[in-house]
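Good morning, and thank you for making time for this presentation. Please look at the sequence and the structure as they come up.

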Amino acid sequence: MAAIELTNLDLTFTLRRATRLSLKEYLLNGMFLNRMNPKLSVQALRNLNLHVQDGDRVGVIGHNGAGKSTLLKMMAGVYPPTRGTCRVEGRICSLFDITLGFEPDATGRENIAFRAYLQGETPKTLQSKIADVEQFCELGQFLDTPVRYYSAGMAIRLAFSIATVSEPEILLIDEVLSVGDMAFQMKARARMKNLMATARLMVMVSHDLGSVKAMCNKAIWMAKGEIIASGPAQEVIAAYERAAKPIAA
Amino acid sequence: MIQHLTSIWRFRHFWLSLVRLDLRNRYRRSVLGIGWSLLNPLAMTAVWCVAFGQILGQGDWRSLAPILLAGMAVWSFLSASILQGCDSFIRSEAYIRQCPLPFAIYPLRTSLGLFIHFAIALGAVVLAIVLLQNKLSALTVLPMLIPAILMMMVFGWCLATLASFANVFFHDTKHLAEVLTQLMFFLTPVMYTRDMLDKQDLGWIADINPAAYFIDLFRVSLLGGEGPNMERYLQCGGITLVAFALACGTMAWLQKRVIFHL
């Protein structure tokens, strides 16, 4: 059973206008701090209520800065909610920022192990998967060179191959469908389709309405941190397209 | 807290492999390997022995060298725990932004690497005592120090945890810590002994300094030859407990806010 339930969920970021706070600044200007480096509140998500469960394929659409990626990170447990609750049941695999977080001095092969452990694998379960990753990323001898020397494309291949090797119950995707060269992209798409089919629950953020339509049965339209509409994918996308069209046309 | 600790254990493969990587990178970069990392305390001891033994005409270098080495082994572990601890969250930012792992893993990675380094340095101290002073008692005392060594590990982990939180919220913490540890190096009985302070009626400087207790515990136990001083042992245990409580409290208080300050 996999489920995600958000109730009355708010997320507020508090930022400083000028820069990050230093201890010197804090101690010296303590009294005047708020005037010189005022706090800014940014409400990233407001009053979200959502319930998705087994079998749901949810597409999240909306303009840039609408809070789509933040919502996904909230579901992954990276951001704690400021108010309300976020309950997630099931093993999560998150595909965002996948190219971040390589250990540059370690070889590709070692990085496969680190990432796998990060996703909760153990040396035993890793054994069977490592061959799969090595074969899928097609990096061959480069797997024994430090990741420091990889090109951007090679790093993305490796990251994608590692991230998609586990069999998650909940799959969270943020625009990762365009990876690598043509040949690899086709492979990647096939694997994504397979992954989406086997995951019990999927939430994807995409600007590609076509792929949302094709892959999702539900959709959420977000703007300024709020859910504008949610429901069957076809209806929500149609409404979004109507609203997004330039008025002059 | 129990939950936090069990989930640290659940991800042990992750941080253990990162510690292995750190150690390998540290020791691989030179032909000398482990010897390279001991170069700093050894060179420092040599200079100090020459300076005090020859120039000031004080003491025999054979008795002085192990005292200095022991002091430096403990001191460099504790100060490095703070200094490198500052970077623990910053350098793991990518992991923190992707996966909600227990935060204590990151300072643990830092302090465990330093701890292994400390163990090697401690080995060098024992070797120095046996070779220079022909005191085999240092070897027999060693098993009695195992709890103390583990206590050091926990203490270093707590220091690194506190430092890493401080550095996330105030990003100049590391800079200040560098200045302060430099200062503390001279105010702590690292390159001299505690009784030198006592003679000047300055014992209180060591009394208020947690690092001095640990240095004294290791120094007296290894060099004194009659085993650890129980009172010192308990004091160090108390310090570790307080640090642990502080680290746990800070963790509970601030862990949900770290992500917003990275």
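This is a predicted model: local features need pLDDT of at least 70, side-chain atom pairs count only at pLDDT 80 or more; totals for chains, interfaces and linings use all residues.

Residues are numbered from 1 along each chain as its sequence is written, while chains are lettered from A and ligands numbered from 1 in the order in which they are written.

Let me begin with chain A. Chain A has 9 helices and 9 strands; these are DSSP runs numbered from the N terminus, with helices being H or I of at least four residues and strands E of at least two. The C-alpha trace of chain A spans about 55 × 55 × 40 Å along its principal axes. Of its 249 residues, 37% count as buried, where buried is defined as having 20 or more other C-beta atoms, placed from the backbone, within 10 Å of the residue's own.

Which strand of chain A is mostly covered? Strand S6, residues 170–174, has 5 of its 5 residues buried. On one side lie A:Ile170, A:Leu172 and A:Asp174, and on the other A:Leu171 and A:Ile173, all of them buried. S6(A) pairs in the parallel sense with strand S5 (residues 92–95) over 4 bridges; strands are said to pair if DSSP finds at least two bridges between them. In this pairing, A:Ile92 has A:Ile170 as its bridge partner. S6(A) is also joined by 5 bridges to strand S7 (residues 201–205), again running parallel, and there A:Ile173 stands opposite A:Met204.

Chain A also has an open sheet of 3 strands in the order S2-S1-S4, with antiparallel pairing. Strands S2 (39–53) and S4 (83–89) stand at the edges, each with a single partner strand, so one side of each has no neighbour in the sheet. From one strand to the next, the twist averages 30°, with angles taken between N-to-C directions, from 0 to 180 degrees, of axes that are lines fitted to C-alpha atoms, for helices over the stretch in contact. Strand S1 (residues 3–16) and S2(A) pair over 11 bridges, and A:Arg16 stands opposite A:Lys39.

I turn now to chain B. Its secondary structure comes to 15 helices and 0 strands. The radius of gyration, taken over C-alpha atoms, is 19 Å for chain B, close to the 18 Å that the globule rule gives for 262 residues, so chain B is as compact as a globular protein of that length. That rule is 2.2 Å times the number of residues to the power 0.38. Buried residues make up 39% of chain B.

Next comes the core. The largest nonpolar core has 138 residues, of which A:Leu172, A:Ala219, B:Ala73 and B:Val125 touch the most other members. Such a core is a set of buried Ala, Val, Leu, Ile, Met, Phe, Trp, Tyr and Cys residues joined through C-beta atoms within 7 Å. Helix H4 (residues 61–85) of chain B gives the most to this core, with 14 residues.

Finally, how many residues does the contact take from each chain? The contact takes 27 residues from chain A and 22 residues from chain B, two residues being in contact if their C-beta atoms, placed from the backbone, lie within 7 Å. On the side of chain B that touches chain A, the largest share, 6 residues, comes from H2(B).

Technical notes
A residue is buried if 20 or more other C-beta atoms lie within 10 Å of its own, exposed if 12 or fewer, and partly exposed in between; C-beta atoms are placed from the backbone.
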